[in-house]
Structure formats: structure tokens, C-alpha cells
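This briefing covers salt bridges and strand pairing in one protein model. Please look over the sequence and the structure before reading the points.

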Amino acid sequence: MAVLSVRKYGDPVLRRRARAVESVTPELRTIVADMVDTMYDEVGLGLAAPQIGVSLRLMVVADAESREARALINPVITEQGGEVTAEEGCLSIPGVFAPVKRAEWVRLEAQDPEGKAVTLTARGLRARVFQHEMDHLDGVLFIDRLDPVTRDRIKRRIKKEGFTEDAAGHRALAL
Ligand code: NI
């Protein structure tokens, strides 16, 4: 398995709507394993396939309780509710953190790497991770969800200074 480099803001693959996974092949399982390795190497809580340059509807999410990563294929948010604003970051936009408004809970349907249908309900941070990774599959980044003034300020800063190193305390929030 391999730790891959994470595509950064400005890479067109991050702006593409990812294609559905048609079948779970050995090649796809290798991609999943590499995504898990990459996520843990980056100390992320979640990673979407476009972030490693693979434009497929596939994400991996760390499970805080079991400490095991979970791969979700062709995920769809089928229900959501509530509203909560909390600070968010993204492994593809290092050093940038801002409060983002998200649904407080989500229900998600997907397939697991064995091709089995799974339904998950999540709230709080885990619900936030799911929504953030779902956005990646649609070519949406968390800065798109900020107010225009904040977003422009962040874009100008990236243009001028590039990416700054993550503050250690912030890394756990990068998705
Ligand atoms: Ni992200």
C-alpha cells in the first residue's frame, strides 16, 4: 500500500464532479487501501478520491471509536437536519480554517468495498466529515460555503503567500 500525495487547491481534479463507481474491482480496493494510508499519514478524519487525483465517487472516513477506517462507495445523503457552525479545514487547502455551516445530522446510503449496501446515521463532527467529503465528490470545497468576503480574503492570501504550514492543534480538523 502507499501514501499518495494529496492534490491541492488549484488542481482541476478537485473541481470536477466525480463519476459513479461501476464495480468494485481489485484495482478499486487498492485505491481504497492507499486512501486509508494517505488519510492516516495526513492525520485526516476523511479523504475523498478526487483528493488523490481519482475522479470517482468514493470516500474513506476514520472511525473515532473503532479506530478503523471505513470506505464508502457512491455515497448519497438521503436525509439531514439541524444546523451547526464549526471550524473546518481541508487537506487540499493546508493552513486554512474557517467556520462552516452544516447540517447537524445526516443519513447516508452507500456501498461498502464488498459491494454491500450500508446505511449510516451520523451527527456532530462525523456528520460534518460526511458532508465535507460529499462536497469533494461534487467538486465543491469548504471555502465555497463561506461568505464571499471571507472567501475572497482566503483566495487572495493563498495567491499571495501560497499554503502555510498547519498549526499542529488544527490538523485533526482537516478533511
Ligand atoms: Ni477536504
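The points below take the salt bridges one by one and then turn to the strands.

The model is predicted, so local features need pLDDT of at least 70 and side-chain atom pairs count only at pLDDT 80 or more, while totals for chains, interfaces and linings use all residues. Residues are numbered from 1 along each chain as its sequence is written, and side-chain values use heavy atoms, with hydrogens and water left out. The structure holds 11 salt bridges (a side-chain nitrogen of Lys or Arg within 4 Å of a carboxyl oxygen of Asp or Glu).

- Arg15 and Asp144 form a salt bridge through their side chains, at 2.7 Å from N to O.
- Arg15 sits in the segment before helix H1 (26-41) and Asp144 in the loop between helix H2 (124-137) and helix H3 (148-161), so this pair ties together parts 129 residues apart in sequence. Helices (H or I, at least four residues) and strands (E, at least two) are DSSP runs, numbered from the N terminus.
- Arg15 has a relative accessible area of 38% and Asp144 one of 26%; Arg15 is partly exposed, and Asp144 is partly exposed. Buried means under 20% relative accessible area, exposed over 50%, and partly exposed in between (1.4 Å probe, protein chains only).
- A salt bridge also joins the side chains of Arg17 and Asp138, at 2.7 Å from N to O.
- Arg17 lies in the segment before H1 and Asp138 in the loop between H2 and H3, and the pair links parts of the chain that are 121 residues apart.
- Arg17 is exposed at 58% relative accessible area, whereas Asp138 is partly exposed at 31%.

- The side chains of Glu88 and Arg102 meet in a salt bridge of 2.7 Å, N to O.
- Glu88 belongs to strand E4 (residues 84-90) and Arg102 to strand E5 (residues 93-102), so the pair ties together parts 14 residues apart in sequence.
- Glu88 is buried at 0% relative accessibility, and Arg102 is buried at 5%.

**Strand pairing**

- Strand E2 (residues 58-62) and strand E3 (residues 69-81) run antiparallel and are joined by five bridges; two strands pair if DSSP finds at least two bridges between them.
- Ala71 in E3 stands opposite Val60.
- E3 also pairs with strand E6 (residues 105-111), in the antiparallel sense, over six bridges.
- Ile73 has Gln111 in E6 as its bridge partner.
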